[in-house]
Amino acid sequence: MPLHFEQPVINKTEQSRAHIGITDAEVVQMLAAYRLFGFWRIDIETGHFFASEDVHAIFDLPYSDGPINLTELMSRIHEEDRSLIAQTFEEASLHGVGFHFVYRVDNRLGGHKLVRSVGRFRDDESGGGIVGITYEFVEKLRVVGFEDDTIPR
(Lines give C-alpha, C1' and ligand atoms only; values in the text may rest on other atoms or scores of the structure.)
Protein backbone atom coordinates (compact mmCIF):
# COMPACT_ATOMS: atom_id res chain seq x y z
CA MET A 1 0.00 0.00 0.00
CA PRO A 2 1.56 3.37 -0.97
CA LEU A 3 1.94 5.96 1.75
CA HIS A 4 0.29 9.37 1.39
CA PHE A 5 2.13 12.27 2.96
CA GLU A 6 0.83 15.80 3.10
CA GLN A 7 0.92 19.00 5.09
CA PRO A 8 -2.68 18.91 6.34
CA VAL A 9 -2.43 22.02 8.50
CA ILE A 10 0.28 24.15 6.94
CA ASN A 11 -1.29 24.56 3.48
CA LYS A 12 -4.89 24.74 4.68
CA THR A 13 -6.56 28.12 4.85
CA GLU A 14 -7.34 28.91 8.48
CA GLN A 15 -11.05 29.11 9.14
CA SER A 16 -12.24 32.29 10.76
CA ARG A 17 -14.08 31.76 14.04
CA ALA A 18 -13.75 35.26 15.48
CA HIS A 19 -17.13 36.35 14.15
CA ILE A 20 -18.73 33.22 15.63
CA GLY A 21 -17.11 33.57 19.05
CA ILE A 22 -15.94 29.94 19.46
CA THR A 23 -12.66 29.42 21.30
CA ASP A 24 -10.01 26.79 20.58
CA ALA A 25 -10.92 25.11 23.87
CA GLU A 26 -14.58 24.90 22.84
CA VAL A 27 -13.62 23.39 19.47
CA VAL A 28 -11.60 20.68 21.22
CA GLN A 29 -14.46 20.00 23.65
CA MET A 30 -16.96 19.63 20.81
CA LEU A 31 -14.68 17.32 18.81
CA ALA A 32 -14.15 15.13 21.86
CA ALA A 33 -17.91 14.97 22.44
CA TYR A 34 -18.46 13.76 18.87
CA ARG A 35 -16.35 10.59 19.16
CA LEU A 36 -13.26 9.22 20.85
CA PHE A 37 -10.84 11.85 19.58
CA GLY A 38 -7.40 12.00 21.17
CA PHE A 39 -4.26 14.08 20.86
CA TRP A 40 -0.68 12.84 21.01
CA ARG A 41 2.97 13.81 20.68
CA ILE A 42 6.14 11.84 20.00
CA ASP A 43 9.35 13.33 21.35
CA ILE A 44 11.93 12.46 18.67
CA GLU A 45 14.94 12.78 20.99
CA THR A 46 13.63 10.45 23.69
CA GLY A 47 11.21 8.34 21.64
CA HIS A 48 8.53 8.93 24.27
CA PHE A 49 4.89 8.95 23.19
CA PHE A 50 2.46 11.09 25.19
CA ALA A 51 -1.30 10.95 24.64
CA SER A 52 -4.62 12.24 25.93
CA GLU A 53 -7.23 10.12 27.66
CA ASP A 54 -9.13 9.26 24.47
CA VAL A 55 -6.02 7.76 22.82
CA HIS A 56 -5.65 5.51 25.85
CA ALA A 57 -9.34 4.55 25.54
CA ILE A 58 -9.03 3.81 21.79
CA PHE A 59 -6.19 1.38 22.49
CA ASP A 60 -7.79 0.10 25.72
CA LEU A 61 -4.78 1.16 27.78
CA PRO A 62 -4.88 2.49 31.34
CA TYR A 63 -4.47 6.26 31.43
CA SER A 64 -1.39 8.02 32.76
CA ASP A 65 0.03 11.42 31.96
CA GLY A 66 3.49 9.93 31.45
CA PRO A 67 4.78 8.22 28.32
CA ILE A 68 2.72 5.34 26.92
CA ASN A 69 4.26 1.88 26.77
CA LEU A 70 4.80 1.73 22.99
CA THR A 71 5.29 -2.03 23.00
CA GLU A 72 1.86 -2.50 24.54
CA LEU A 73 0.26 0.11 22.26
CA MET A 74 1.77 -1.46 19.11
CA SER A 75 0.57 -4.91 20.22
CA ARG A 76 -3.03 -3.61 19.87
CA ILE A 77 -2.47 -2.66 16.21
CA HIS A 78 -3.10 -5.29 13.53
CA GLU A 79 0.15 -7.06 12.69
CA GLU A 80 -0.05 -6.12 8.98
CA ASP A 81 -0.41 -2.40 9.84
CA ARG A 82 2.48 -2.06 12.32
CA SER A 83 5.21 -1.65 9.69
CA LEU A 84 3.16 1.06 7.92
CA ILE A 85 2.96 3.06 11.13
CA ALA A 86 6.68 2.73 11.85
CA GLN A 87 7.52 3.74 8.26
CA THR A 88 5.16 6.71 8.43
CA PHE A 89 6.75 8.10 11.60
CA GLU A 90 10.22 7.59 10.14
CA GLU A 91 9.34 9.38 6.88
CA ALA A 92 7.64 12.24 8.74
CA SER A 93 10.74 12.71 10.90
CA LEU A 94 13.23 12.50 8.02
CA HIS A 95 11.36 14.75 5.61
CA GLY A 96 9.40 17.03 7.97
CA VAL A 97 6.04 16.17 6.43
CA GLY A 98 2.49 15.60 7.59
CA PHE A 99 0.54 12.40 7.09
CA HIS A 100 -2.66 10.53 7.62
CA PHE A 101 -3.40 6.84 7.63
CA VAL A 102 -6.11 4.38 8.55
CA TYR A 103 -5.28 1.19 10.40
CA ARG A 104 -6.85 -1.60 12.41
CA VAL A 105 -6.83 -1.78 16.21
CA ASP A 106 -7.86 -4.75 18.33
CA ASN A 107 -11.39 -4.11 19.58
CA ARG A 108 -10.88 -6.52 22.51
CA LEU A 109 -13.89 -8.53 21.27
CA GLY A 110 -12.05 -10.81 18.86
CA GLY A 111 -12.01 -8.38 15.94
CA HIS A 112 -10.67 -5.00 14.87
CA LYS A 113 -11.95 -1.45 14.59
CA LEU A 114 -10.79 1.19 12.13
CA VAL A 115 -8.78 4.09 13.50
CA ARG A 116 -7.38 7.14 11.71
CA SER A 117 -4.33 9.13 12.72
CA VAL A 118 -3.39 12.51 11.29
CA GLY A 119 -0.11 14.12 12.22
CA ARG A 120 2.71 16.40 11.23
CA PHE A 121 6.34 16.96 12.00
CA ARG A 122 7.03 19.87 14.32
CA ASP A 123 10.39 21.51 14.89
CA ASP A 124 9.90 24.87 16.54
CA GLU A 125 10.34 26.62 19.88
CA SER A 126 7.98 24.10 21.52
CA GLY A 127 10.32 21.24 20.58
CA GLY A 128 10.94 18.73 17.86
CA GLY A 129 8.69 15.79 17.34
CA ILE A 130 5.51 14.62 15.74
CA VAL A 131 2.09 15.81 16.91
CA GLY A 132 -1.26 14.47 15.89
CA ILE A 133 -4.76 13.23 16.53
CA THR A 134 -6.26 9.76 16.53
CA TYR A 135 -9.92 8.88 16.32
CA GLU A 136 -12.16 5.89 15.73
CA PHE A 137 -14.14 5.61 12.50
CA VAL A 138 -16.84 3.62 14.22
CA GLU A 139 -17.43 5.77 17.20
CA LYS A 140 -18.55 4.88 20.65
CA LEU A 141 -21.51 7.18 20.71
CA ARG A 142 -21.53 9.81 23.37
CA VAL A 143 -25.12 10.87 22.97
CA VAL A 144 -27.36 12.88 25.21
CA GLY A 145 -30.96 12.62 24.23
CA PHE A 146 -34.04 14.29 25.51
CA GLU A 147 -37.18 12.26 25.61
CA ASP A 148 -40.36 14.07 24.83
CA ASP A 149 -43.08 12.25 26.71
CA THR A 150 -45.67 14.96 26.28
CA ILE A 151 -48.93 14.16 24.59
CA PRO A 152 -48.91 15.14 20.90
CA ARG A 153 -51.02 18.19 20.13
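In this predicted model, phenylalanine 89 and phenylalanine 99 are both buried. The two rings form an aromatic pair with edge-to-face geometry. Their centres lie 5.7 Å apart, and the angle between the planes is 75 degrees. Phenylalanine 89 belongs to helix α4 and phenylalanine 99 to strand β4, so the pair ties together parts that are 10 residues apart in sequence. A further pair is made by phenylalanine 101 and tyrosine 103. Here the centres are 5.1 Å apart and the planes meet at 40 degrees, so this pair is tilted. Phenylalanine 101 and tyrosine 103 are both buried. Across the whole structure, the search returns 9 aromatic pairs. One aromatic cluster is formed by Trp40, Phe49, Phe89, Phe99, Phe101 and Tyr103.

Phe49 and Phe89 are among the residues nearest the centre of the second largest pocket. Ile42, Met74 and Ile85 also lie nearest that centre. The lining comprises 18 residues in total. The volume of the second largest pocket is about 240 Å³. Elements that give two or more residues to its lining are β2 (37–43), α3 (70–75), α4 (79–95) and β4. Helix α4 supplies the largest share, with 4 residues. By class, the lining holds 14 nonpolar, 3 polar and 1 charged residues.

The chain has 4 helices and 6 strands. Read from the N terminus, the order of elements is β-α-β-β-α-α-α-β-β-β. Of its 153 residues, 32% count as buried. Contacts between residues at least 6 apart in sequence were also examined, and 45% of them join residues at least 24 apart.

Strand β4 (residues 98–106) runs antiparallel to strand β5 (residues 112–124), and 9 bridges join the two. Aspartate 106 stands opposite histidine 112 of β5. The hairpin has 5 residues between its strands. One backbone feature stands out in this loop. Arginine 108, in the loop between β4 and β5, has a phi near 65 degrees, a positive value in a residue other than glycine. The relative accessibility of arginine 108 is 42%, so this residue counts as partly exposed.

A positive phi is also found at aspartate 60, which is likewise a residue other than glycine. The angle of aspartate 60 is near 55 degrees. Aspartate 60 sits in the loop between α2 (53–58) and α3. With a relative accessible area of 42%, aspartate 60 is partly exposed.

Neighbours within four places in sequence were set aside for the contacts of valine 131. The remaining partners of valine 131 are Trp40, Arg41, Val118, Gly119, Arg120 and Arg122.

Methods. Residues are numbered from 1 along each chain as its sequence is written. This is a predicted model: local features need pLDDT of at least 70, side-chain atom pairs count only at pLDDT 80 or more; totals for chains, interfaces and linings use all residues. Side-chain values use heavy atoms; hydrogens and water are left out. Two strands pair if DSSP finds at least two bridges between them. On a 1 Å grid over the protein atoms alone, a cavity is a set of points where a 1.4 Å probe fits but cannot get out, and a pocket is an open set with protein on both sides within 12 Å along at least five of seven lines; lining residues have an atom within 4 Å of a point. Grid points are joined across faces, edges and corners, and a volume is the space filled by probe spheres set on the points. Ala, Val, Leu, Ile, Met, Phe, Trp, Tyr, Cys and Pro count as nonpolar, Asp, Glu, Lys and Arg as charged, and the others, Gly among them, as polar. Rings of Phe, Tyr and Trp (its six-membered ring) pair if their centres lie within 6.5 Å; planes under 30 degrees apart count as stacked, over 60 as edge-to-face and the rest as tilted. Buried means under 20% relative accessible area, exposed over 50%, partly exposed in between (1.4 Å probe, protein chains only). Contact means heavy atoms within 4.5 Å.
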